[in-house]
Amino acid sequence: MTAFATSSSAKTPVKVTVTGAAGNIAYSLLWRVAAGDVFGPDQPVELTLLEIPDAMQAAEGTAMELADSAMPLLKGVNVTDNQRAGFEGTNAAFLVGAKPRGKGESRSDMLEANGRIFIEQGKALNDGAAQDVRVLVVGNPANTNAYIASKAAGDVPAEQFNALMRLDHNRSLSMLSQKLDAAPEEFSRVVVWGNHSDTQFPDLTYAQLRGENVSDQIDQNWYTEEFIPRVAKRGAEIIEVRGKSSAASAASAAVDHIRDWVQGTDGRWTTVALPSTGEYGVDEGLVFGFPVIGVGGKWQVVEDLEINDFQRPRIDANIEALREEAKVADALS
Ligand code: NAD
Ligand code: LMR
């Protein structure tokens with residue numbers, strides 16, 4: 001490990017592992033974590049960059065650049081291709097390393113290529129991570145990869161495994177903000193139910209702008225024909241226009257996710273994909289996007305919401321899609 005002296009505080013550093021550390025998302029994510037955007041401005045961090053052997057040299061280059069950034073909170077950087085060493089004692093793991101889809105592919109097409117990665121990483125987390133580890137799966141298909149990792153880490157409570165749907169949530173806020181000419185933070189009670197896939201349901205049933213119902217300020221046609229499909233297909237739109245999949249926005253969403261998990265949301269709703277315990281009719285264990293608030297370092301699913309006839313089939317389509325993905329995942333070894 002390359003260790004750096006910091007004068008920032010006497011706090012014990014938080015150990016953070018980022019897989020796929022030589023890739024596009026990590027190139028943005030690592031700097032945000034090291035800058036204190038996740039764990040706070042007085043919390044030192046130690047980063048472990050986990051890669052595959054072929055990408056070790058590139059990961060070493062990324063580590064050199066981290067060192068060259070002379071960041072006050074960065075206590076040390078470790079680069080490894082050994083899974084067990086990569087997760088030893090880790091408090092937070094961003095599981096980014098996986099193949100992105102290309103033009104015309106669906107995220108679930110990546111399950112065969114990527115799913116096995118999360119069996120091995122789940123086992124390594126089980127064996128070596130800190131008891132309080134928080135795991136955020138970013139690599140696609142993120143929900144089912146989190147399901148796979150959680151199953152492989154039988155001793156780690158399932159609730160410690162999440163998948164990233166904050167990007168879908170942020171996309172919803174951004175689109176609303178452009179439509180209604182208001183800042184993203186002025187909206188509340190937005191949720192994206194389900195799977196990080198085209199079936200996802202960005203739901204405005206409960207949404208408010210400065211305390212007033214959003215549904216009274218938009219027309220139904222825009223909601224069903226533009227908002228829902230555009231948010232759900234935004235990943236493909238980015239691939240089409242940019243030529244490769246979203247990276248900085250994904251890193252930013254991952255930062256938002258773990259920051260809110262650790263620091264709480266002060267009553268604000270956000271979207272997190274987490275293992276269901278049966279809420280809203282979702283099969284136990286499926287990793288599903290729910291409305292949540294962050295309290296005391298844990299997520300609480302917002303419960304007892306009334307689900308109407310517009311919402312139910314859209315939520316059910318996601319349950320069905322995730323059941324199908326789980327069948328494929330269960331057959332991987
Ligand atoms: P990338 O190809 O730029 O980087 C991926 C990196 O992962 C590569 O460096 C590769 O060597 C590494 N890797 C592969 N297998 C690994 C393993 N077993 N252990 C450690 N590292 C491994 O891809 P990217 O743009 O950074 O995207 C990464 C993943 O994130 C993709 O699956 C992409 O689809 C997904 N993604 C998810 C979201 C989301 O919202 N959930 C958003 C954007 C991208
Ligand atoms: C996204 O939503 O941008 C990512 O999941 C990348 C993709 O494949 O769409």
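This is a predicted model: local features need pLDDT of at least 70, side-chain atom pairs count only at pLDDT 80 or more; totals for chains, interfaces and linings use all residues.
Which residues of α9 are buried?

View 1. Residues are numbered from 1 along each chain as written, chains are lettered from A and ligands numbered from 1 in written order, and side-chain values use heavy atoms, without hydrogens or water. In α9, the buried residues are A250, A251, A253, A254, V255, D256, H257, I258, D260 and W261 (buried is under 20% relative accessible area, exposed over 50%, partly exposed in between, with a 1.4 Å probe and protein chains only). Helix α9 covers residues 248–263, and its 16 residues should span 22 Å at 1.5 Å a residue, which agrees with the 22 Å between its end C-alpha atoms (the expected span is 1.5 Å times one less than the residue count). Helices (H or I, at least four residues) and strands (E, at least two) are DSSP runs numbered from the N terminus. Just after α9 comes G264, with a positive phi of about 90°.

View 2. Look for L167 in helix α6. With a relative accessible area of 7%, L167 is buried.

**View 3. The largest pocket.** The volume of the largest pocket is about 730 Å³. A pocket is an open set of points on a 1 Å grid over the protein atoms alone, where a 1.4 Å probe fits, with protein on both sides within 12 Å along at least five of seven lines; lining residues have an atom within 4 Å of a point. Points join across faces, edges and corners, and volume is the space filled by probe spheres set on them. Of the 37 lining residues, I25, V96, A98, K99 and P100 lie nearest the centre of the largest pocket. Helices α1 (24–34), α4 (111–128), α6 (166–180) and α8 (234–242) each contribute at least two residues to this lining. Sorted by class, the lining holds 17 nonpolar, 13 polar and seven charged residues (Ala, Val, Leu, Ile, Met, Phe, Trp, Tyr, Cys and Pro are nonpolar, Asp, Glu, Lys and Arg charged, the others, with Gly, polar). The largest pocket lies between domain 1 (2–163) and domain 2 (166–332), because both give residues to its lining (bounds come from an automatic or database assignment).

View 4. An unreviewed UniProt entry places the feature "binding site" at G20, A21, A22, G23, N24, I25, A26, N114, Q121, V138, G139 and N140. Among these, G20, A22, G23, N24, I25, Q121, V138, G139 and N140 belong to the lining of the largest pocket. G23 sits in the loop between β2 (14–19) and α1, and is partly exposed at 28% relative accessibility. A26 belongs to helix α1 and, at 0% relative accessibility, counts as buried.

**View 5. The second largest pocket.** Here the space amounts to about 370 Å³. E159, Q160, W261, K298 and W299 are the closest to the centre among the 18 residues lining the second largest pocket. Strand β15 (298–301), like β13 (270–275), supplies at least two lining residues; β15 gives the largest share, four residues. The lining of the second largest pocket comprises seven nonpolar, five polar and six charged residues. At least three of its residues come from each of domain 1 and domain 2.

**View 6. K233 in its loop.** K233 lies in the loop between α7 (220–232) and α8. Its relative accessibility of 45% makes K233 partly exposed. The C-alpha atoms of K233 and D109 are separated by 15 Å, with the two residues 124 residues apart along the chain.

Definitions and conventions. UniProt positions are given in the numbering used here, feature names are shortened, and annotations may be inferred rather than shown by experiment.
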